[in-house]
Amino acid sequence: MHMAEASDFRSGFVAVVGRPNVGKSTLVNALTGEKVSIVTPVPQTTRNRILGVVHLPAAQVILMDTPGVHKPGSHLNRQMMAFVRQALGERDAALLVADASQPFGKGDQFTLDLLREYTPKTVLALNKIDLIRKPQLLPLIERYAQLYPFEEIIPISARCHEGLNTLLEAIVRLLPQGPPYFPPDTYTDQPERFLAAELIRESIIKHTRQELPFVTAVLIDSFEEGPQLTRIRATILVEKESQRPIVLGAGGARIKQIGIDARKELERLLPPKVFLELFVRVESGWRNNRAIVAELDYRAEAQRGV
């Protein structure tokens, strides 16, 4: 494929929205070809507005991944919904991701009502079609078509990479003509220390999700990059003293495994070698602590010059 003429090139920002656990992060990672957003089986793992950049010969698609749409309770949840609204306010188009394997419910209606506040041009991706029989699709497509004026409705499987080219083509058609915003080797705007915290948190969730689904955060205490070695010191926050031994495990076995798995992922991001130190701290009610929640927002970190 040849590069498009400058006047034919399209680029723009796409807000990726949907309920918790519908596969938004898996889709962003599949489209960018990089590990941009953490992927776990636990809802509400995306807390920041994570940017993924898809480079095509005739277009650049900038994906704003967002937390799952939900009715907020804690200060953390309110900040997460603020990211959703910010992404919808700044977009050229929107991509709604819905789980085709689950029945339509109140949360889906809440998401459509939120979209209606901003009325963006929207493509609907019906995800997880690998989990259903094909005859189940048509009634679902008809229902969504009646509820919102989608530009296109496209069945996909982010996990199996099915329908992704068709989806990208539909998104590109909604973008304005213009030059690329990012150079070809850029796939996210996140600083490496934020990505490091997300990869550590992914490992924690993987190893503790049965006992400790939502109550951890990772603060990067120090991040020192050298030519041969990156040294990272991080603190894992839990809300109760009883949760500390869950993260540590018997004789420290679990936190050691969390560290081993996280380091493997970090060395893909920060070659050649990573030295990782992990600590656990009890911080009661951290999700309602404004200072801690602000520290988890990497844009606030960048503004403070951290």
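This is a predicted model: local features need pLDDT of at least 70, side-chain atom pairs count only at pLDDT 80 or more; totals for chains, interfaces and linings use all residues.

User: What makes D92 partly exposed?

Analyst: Buried means under 20% relative accessible area, exposed over 50%, and partly exposed in between, with a 1.4 Å probe and protein chains only. D92 has a relative accessible area of 30%, so it is called partly exposed. This residue sits in the loop between α2 (75-90) and β4; helices (H or I, at least four residues) and strands (E, at least two) are DSSP runs, numbered from the N terminus.

User: Which residues does D92 touch?

Analyst: Leaving out residues up to four places away in sequence, D92 touches G12, F13, L174, L175 and P176. A contact means heavy atoms within 4.5 Å. D92 and S11 are 81 residues apart in sequence, with their C-alpha atoms 9.0 Å apart in space.

User: How do you know that the length of helix α6 agrees with what it should span?

Analyst: The expected span is 1.5 Å times one less than the number of residues. For the 17 residues of α6 (residues 192-208) that gives 24 Å, and the end C-alpha atoms are 24 Å apart, so the two agree.

User: Why is α6 called mostly covered?

Analyst: By the cut-off for buried, 14 of the 17 residues of α6 qualify. Over the protein chain, buried residues make up 51% of the 306 residues.

User: What is worth noting about the phi of N21?

Analyst: Most residues other than glycine have a negative phi. N21 is not a glycine, yet its phi is positive, about 70°. N21 lies in the loop between β1 (10-17) and α1 (24-32). With a relative accessible area of 33%, N21 is partly exposed.

User: Which residues line the second largest cavity?

Analyst: A cavity is a set of points on a 1 Å grid over the protein atoms alone where a 1.4 Å probe fits but cannot get out, and lining residues have an atom within 4 Å of a point. Here the lining consists of G18, R19, V22, L96, V97, A98, D108, T111, L112 and Y144. The elements giving two or more residues to this lining are β4 (93-99) and α3 (106-118).

Definitions and conventions
Residues are numbered from 1 along each chain as its sequence is written. Side-chain values use heavy atoms; hydrogens and water are left out. On a 1 Å grid over the protein atoms alone, a cavity is a set of points where a 1.4 Å probe fits but cannot get out, and a pocket is an open set with protein on both sides within 12 Å along at least five of seven lines; lining residues have an atom within 4 Å of a point.
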